[in-house]
Amino acid sequence: MSTVQHATGKGAIRKQVQLPLSVAFRIALLNIRVRFLRALITAAGIMLGIAFFTAVRAAALYAPPLDPNDPATIEAATRQTWLVVMSLLMSTVGISNSMLMAVTERYKEIGTMKCLGALDSFIVKLFFLESGLLGVVASFIGFFVGWGLVFLINLFRQGSAVFSAVSLGALGWLLLQAMAIGVLLTVVATILPAIRAAKMPPAAALRVEV
Amino acid sequence: MATTQTNQGSEFVVRVRDVVKEYQMGKLTVRALDGVTLDIYRGEYLSIMGPSGSGKSTLFNMIGGLDKPTSGSVFIDDVDMAQLDPQELAFLRCHRIGYIFQTFNLIPVMTALENVTLPMVFAGVTADEARERGIELLTLVGLGGRLHHKPTELSGGQQQRVAIARALANNPSIILADEPTGNLDLKTGKEIIELLKKLNKERGVTIISATHDLKMLDISDRIVWIRDGKIERVELRSELELKVGEVEGEAG
C-alpha cells in the first residue's frame, strides 16, 4: 500500500520565504538561555566596558567643577577620553572574538539550519539578535555598576550631599549614552562573525570531527 | 520491488548527467567525480557504496544541492540545480529534500518537537499546523511520548528518529541519508534501517543513502558502487540476493 502524498510534480521552485523577525528572536533567546555561561562571559565584556565608561563620566558629574581652561584639567580630560575609548575598543574586540568562537562552535548547527531551508539572511539576523540582546542587557547592567560605584565613593566623601549633586535628567542622559554606545559596539562587533556564519556552507552539517 | 510511481512528474526524481567535480588542492587538481551519470527512480531506495575517498560523499553532496559540479548537471524533479539562485536553492532544500546525518545534527537548544517543526517554520507553515504535523511525525517514528525532550535527553537511536521525522517535515521528494547508522550500535542501526524502509514503502518517499553499512544492502532496491570518481557498477537487490545465497550455499 504505497500512498504517495508527496513526490511528483509539486510545481515550480519558488523563492524561499523571509521569516518574520519574531522567529529569529525566539531562537536567539533560546540560544542565550541554553548557553547561559558563554552568554554571561560575552556580556561581561560589554558590561565592564560600559561600566568603565559610565564611571568616568559619572565621576566628572559628581566632582566639584574644575577650571576648564586649566591645562592640567584639559590634559586629564584627554587622558581619560583615551582610556575610555581604549577600554571600549578592547571590549568590542572581546565580543567579536567570543561571537566568532560561537560561530565556529556552531558550524554544524548553522549548516543543518541551512540544509533545512534557512536563508543566509536568517542566520545573520540570528547572530545580530543574539548579540544585540546581550548588548542591551549588559549595557543596562554596566551603567548601574559604573554609576553605583561612583555614587558609593562619593557618598563616603560628601555624605548626603551626594543625593542632590546630580540631576536625574543628567543621569538619564548618561544612561541613554551608555546604552547607545553599548548596543552600537556589540552590533559592530558582530558584523564579521555574522558574515562568517552566513557564508558557512550547508555541507558543513555533514562534517564529522575525527 | 522498485516502485516507480509515475504520476504527473517524470519517473526519475533525480537525474545526474556527466557530472565532473574537481577540487584544487594547492597546485594539484583532484578529480573527485569523473563523469558520473545516474538516474534515480521515484520511490526507490538507493544506496551509494564505496570506500572513503571514492567520491561517494561528493556525489551525495551534489544530489543534495550542497555542492555544485565543475561540469555536468544534476536535476531534482526536473529542475537543474545549477540554474537556481540562493533563495531558490534554500526553497529546494526546504521542500524537496530531507537530510539525515551521521551525527544526527539536532539543534541542541530545541526540543524534539521544535526540531521537527523547524523546517516547517522555514517553509512558512503556521505554528498550529506545524505543531500538529510535528506530533503526527514524531508519533510515526515511535516518539509520541517524547515530544518535549531535548536531544541530550534522548539516546542516539531516538535522536536519529527525531532527525528522520524532521527530514519528513515538508513532505520531501527525496530523503538523503548520510551514513545514518554510522554512529549507532548494531541493533539500533538495524531499527533505523527498518524504519527508513518502512517509510520508503508506506509513504513512497525516495531514499538515497551513502553508507558503508552492509545491513543497508539487504533492503536497498539498487546499490551504486563508486570507485575513483566513477560508477563501478549498479546492482539490483535481486542480483545481490542471488550472490548472498551462493555464498551461504558454499558455506553450508
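This is a predicted model: local features need pLDDT of at least 70, side-chain atom pairs count only at pLDDT 80 or more; totals for chains, interfaces and linings use all residues.
Across the interface of chain B and chain A, the rule for polar contacts finds 5 residue pairs, both partners being at pLDDT 80 or more; a polar contact here is a pair of N or O atoms within 3.5 Å, where within protein one must be able to donate a hydrogen and the other to accept it, and where residues adjacent in sequence count only if both atoms are side-chain atoms. Residues are numbered from 1 along each chain as its sequence is written, chains are lettered from A in the order in which they are written, and side-chain values use heavy atoms, with hydrogens and water left out.

Staying with the interface, the count of salt bridges between chain B and chain A is 3, a salt bridge being a side-chain nitrogen of Lys or Arg within 4 Å of a carboxyl oxygen of Asp or Glu. One of them joins the side chains of A:Lys15 and B:Glu88, at 3.9 Å from N to O.

How many residues does each chain bring to the contact? Chain B gives 47 residues and chain A gives 42 residues, with contact meaning heavy atoms within 4.5 Å. The area buried between the two chains is about 4000 Å², and carbon and sulfur atoms give 62% of that; buried area is the accessible area, taken with a 1.4 Å probe, that two parts lose on being put together, summed over both. Of the area that chain B buries against chain A, B:Phe91, B:Val109 and B:Phe122 supply 18%, more than any other three residues.

Let me turn to one residue, A:Glu109, which is found in helix H4 of chain A, residues 107–115, helices being DSSP runs of H or I with at least four residues, numbered from the N terminus. Is A:Glu109 buried or exposed? At 10% relative accessibility A:Glu109 counts as buried, because buried means under 20% relative accessible area, exposed over 50%, and partly exposed in between, with a 1.4 Å probe and protein chains only. Its side chain makes a polar contact with that of A:Arg35, at 2.8 Å, and, not counting residues up to four places away in sequence, A:Glu109 touches A:Asn31, A:Arg35, B:Ile107 and B:Pro108.

Technical notes: Helices (H or I, at least four residues) and strands (E, at least two) are DSSP runs, numbered from the N terminus.
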